[in-house]
Amino acid sequence: MQLEFDTTVIVLAASLLLLWALGLGVLKYHQMSTSADGAAHRYVDIAHRAALMYSFAALILAVLAQFSAWSVPVDLTAASVVLLFFVAAIAGYTVHGIRRDTENQFVHPVPGTHVFMLLLIIGEIGGTAVLVAGFVAEQF
């Protein structure tokens, strides 16, 4: 069975997120094995877990897109917004973990952190809501 183009792109993104998560697992292992306390930096741990969870969340987005009433461009746009914020969050966590520059990025946030978080909330919930609505419209 041939998947729709949007679904194919989203499944590929999920696969790349999973590969990223596995790479972060290697970084986590390295930090654990070379630290005095046997622990990776908090944000390496967060990045690893987030990438794993987001890779599987992306598969749900793919299923919603595959069985959506909306057009391929609408579904792909909605999913791309969500995926963009997944990637941005993992990248931010990874940078903090490699730099070991904070234990909590909200204690002394860089300018724009709260605006980014607001956009992330709107983008992730909004994009997912579009896909859920398309799924519901098609299936019910």
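**View 1. Q31 sits in helix α1 (residues 5–34).** Helices here are DSSP runs of H or I with at least four residues, strands are E runs with at least two, and both are numbered from the N terminus. What you see is a predicted model, in which local features need pLDDT of at least 70 and side-chain atom pairs count only at pLDDT 80 or more, while totals for chains, interfaces and linings use all residues. Residues are numbered from 1 along each chain as its sequence is written, and side-chain values use heavy atoms, with hydrogens and water left out. Is Q31 buried or exposed? Q31 is buried, at a relative accessible area of 5%. (Buried means under 20% relative accessible area, exposed over 50%, and partly exposed in between, with a 1.4 Å probe and protein chains only.) Setting aside residues up to four places away in sequence, Q31 touches A39, A40, H41, V44, G97, I98 and R100; a contact means heavy atoms within 4.5 Å.

**View 2. Helix α1 and its buried residues come next.** The expected span of a helix is 1.5 Å times one less than its number of residues. Which residues of α1 are buried? They are D6, T7, I10, A13, A14, L17, A21, L24, K28 and Q31. These buried residues pack against α2 and α3.

**View 3. Helix α3 covers residues 72–99.** From first C-alpha to last, the 28 residues of α3 reach 39 Å, close to the 40 Å expected at 1.5 Å a residue. Just after α3 comes R100, with a positive phi of about 55°. R100 is also one of the residues that Q31 touches.

**View 4. A78 is a buried residue of helix α3.** Its relative accessibility is 8%, so A78 counts as buried. Which residues does A78 touch, not counting those up to four places away in sequence? They are G127, V130 and L131.

View 5. A pair of aromatic rings is described by the distance of the centres and the angle of the planes. Rings of Phe, Tyr and Trp (its six-membered ring) pair if their centres lie within 6.5 Å; planes under 30 degrees apart count as stacked, over 60 as edge-to-face and the rest as tilted. By this rule the count comes to three aromatic pairs. Y54 lies in helix α2 (residues 42–66) and F86 in helix α3, so the pair ties together parts that are 32 residues apart in sequence. Y54 is buried at 18% relative accessibility, and F86 is buried at 6%.

**View 6. F85 and F116 form a tilted aromatic pair.** Their rings are 5.7 Å centre to centre, with 55° between the planes. F85 belongs to helix α3 and F116 to helix α4 (residues 113–139), so the pair ties together parts that are 31 residues apart in sequence.

**View 7. E138 is found in helix α4.** At 46% relative accessibility, E138 counts as partly exposed. Leaving aside neighbours within four places in sequence, E138 is in contact with F67, S68 and A69. How many residues lie between E138 and A69 in terms of sequence separation, and how far apart are they in space? E138 and A69 are 69 residues apart in sequence and 4.5 Å apart in space, C-alpha to C-alpha.

**View 8. Finally, step back to the chain as a whole.** The secondary structure comes to four helices and zero strands, in the pattern α-α-α-α along the sequence. The C-alpha atoms fill a box of roughly 55 × 35 × 20 Å, taken along the principal axes. Of the 140 residues in the chain, 36% are buried. Among contacts between residues at least 6 apart in sequence, 83% join residues at least 24 apart.
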